[in-house]
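This report describes a protein chain from its overall build to its pockets. Please look at the sequence and the structure before reading on.

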Amino acid sequence: MFQIQSMVRSKQRPQLSIKLPEIPLPKFSGKYEKWSNFKIQFNNIISTNSQLSSEQKLHYLKAALTFETKNLETISDSFESSFKSLEERYENERLIAETQVKAILNLAKLNNESAKDLRNLIDDVNKNIRALKVLEFERNNLSDILILNNILQKLDKETLKQFEYSLNSTENPKSDDFILFLEKCAQVLSNVNKNSFVKSMFIQDRNKSKIFFIKSNNSAYACILCNQRHPIYKCDSFLKLNVIQRKEIVTKHMCLNCLSDQHTISKCKSKHSCSVCGFQHNTLLHRQKRESVNAPLIYSASPLQGQELNPNAEDFRSSQESTAASLSSIVEAKP
């Protein structure tokens, strides 16, 4: 009893309806080759719909007409009369067939290998053959060989060469097999172009990284005093200052040991230290006990002119023993 009641309740439950996307109304602009497809679609959606009145069908027909077809005049303003006028004007089988055949004969010539162009060619051929089939022009061996040879004349040299390689005999290939061959060629070209694109993007990104790295190194060499592209220990303005003035500038902006502007002395990894006293500060910042604030330089910094910071601006390339030697000689020479 319980099972029967549950079955009855399940049948009484309203079924959930799925809302499908609306079907767009087909449009007709007056092109003869488009008439057959428009007629089939409009009849399936509107003309054979028994739930629509004649006035509603006429409204949909007028909404479907564009460009010159909007100005079509009829004897009576009814759906049947309007649709019949369209059939009389555009249902010209001879003209439609001629248009489709010309479209096949006048396919665009392919100059280079291209997946996009190959697929466009395939789509154009299939579209026009389908339109001719609607007019009850069936394919046969003669039409297939004519279409195949016409397409061969439109192919680029490389695709044509690949097609010749694919043939195993001297017999005429079938049209369907030829279309499948073109589809495969388009797929291969798509895969190759995709891989080439990824590779080129990788190379570009790698080159950008290199450029960025170089710029970063150059910016690290920008002097904080004169804004020129050199380390501060090569700056004439910096070397003309006394030790106390140098130390004030370096303390605010740079490492006291290696003169890098990328870190402070607490994070300095340089193995070098002052060549005069051995403490962790740069030799250019060494101050003698007898040196006053306004005292002239007691040793020359010229031996440092040949030194450069490494790309990380963390270390000098060589020791400053020459500076210590010149300093000692100058100090000993003093009375």
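Is arginine 139 buried, partly exposed or exposed? Arginine 139 is partly exposed, because its relative accessible area is 38%; buried means under 20% relative accessible area, exposed over 50%, and partly exposed in between, with a 1.4 Å probe and protein chains only.

## Basis of the model

This is a predicted model, in which local features need pLDDT of at least 70 and side-chain atom pairs count only at pLDDT 80 or more, while totals for chains, interfaces and linings use all residues. Residues are numbered from 1 along each chain as its sequence is written, and side-chain values use heavy atoms, with hydrogens and water left out.

The predictor's confidence in each residue, pLDDT, runs from 0 to 100. Its mean for the protein chain is 75, and 73% of the residues reach 70 or more. Over residues 210-219 pLDDT stays under 50, and the model has three contacts beyond four places in sequence for them; a contact means heavy atoms within 4.5 Å. Residues 295-335 also have pLDDT under 50 throughout, with 79 contacts beyond four places in sequence.

## Overall build

The protein chain has 12 helices and zero strands. These elements are DSSP runs numbered from the N terminus, with helices being H or I of at least four residues and strands E of at least two. Of the 335 residues of the protein chain, 33% count as buried. Among contacts with a separation of 6 or more, 58% are between residues 24 or more positions apart.

## Nonpolar cores

In soluble globular proteins, nonpolar side chains tend to be buried together. A nonpolar core is here a set of buried Ala, Val, Leu, Ile, Met, Phe, Trp, Tyr and Cys residues joined through side-chain atoms within 4.5 Å. The largest such core has 41 residues, and Ile151, Phe178 and Leu182 have the most contacts inside it. Two or more of its residues come from each of H2, helix H3 (54-64), helix H4 (79-90), H5, H6, H7 and helix H9 (175-220). Not counting residues up to four places away in sequence, isoleucine 151 touches Leu107, Leu121, Val125, Phe178 and Leu182.

A second, separate core has 12 residues, including Phe238, Leu256, Leu259 and Leu285. Leucine 259 lies in the loop between helix H11 (243-253) and helix H12 (321-333). Leucine 259 counts as buried because its relative accessibility is 2%. Leucine 259 also has a positive phi of about 65° although it is not a glycine.

## The loop between H6 and H7

Arginine 139 sits in the loop between H6 and H7. Leaving aside neighbours within four places in sequence, arginine 139 is in contact with Ile129, Asp144, Ser175 and Asp176. Arginine 139 and isoleucine 129 are 10 residues apart along the chain, with their C-alpha atoms separated by 8.3 Å.

Glutamate 136 lies in the loop between H6 and H7. Glutamate 136 counts as exposed because its relative accessibility is 67%. Although glutamate 136 is not a glycine, it has a positive phi of about 70°.

## Pockets

A pocket is an open set of points on a 1 Å grid over the protein atoms alone, where a 1.4 Å probe fits, with protein on both sides within 12 Å along at least five of seven lines; lining residues have an atom within 4 Å of a point. Grid points are joined across faces, edges and corners, and a volume is the space filled by probe spheres set on the points. The largest pocket has a volume of about 400 Å³. Its lining has 15 residues, with Val101, Ile104, Leu132, Ser143 and Ile147 nearest the centre. Helix H5 (93-105), helix H6 (115-134) and helix H7 (141-152) each give two or more residues to this lining, and H7 gives the most, with five. By class, the lining has 10 nonpolar, three polar and two charged residues; Ala, Val, Leu, Ile, Met, Phe, Trp, Tyr, Cys and Pro count as nonpolar, Asp, Glu, Lys and Arg as charged, and the others, Gly among them, as polar.

The second largest pocket holds about 260 Å³ of space. Of its 16 lining residues, Glu33, Lys34, Asn37, Gln100 and Lys127 lie nearest the centre. Helix H2 (32-47), H5 and H6 each supply at least two residues of this lining, and H2 gives the most, with five. The lining divides into five nonpolar, five polar and six charged residues.
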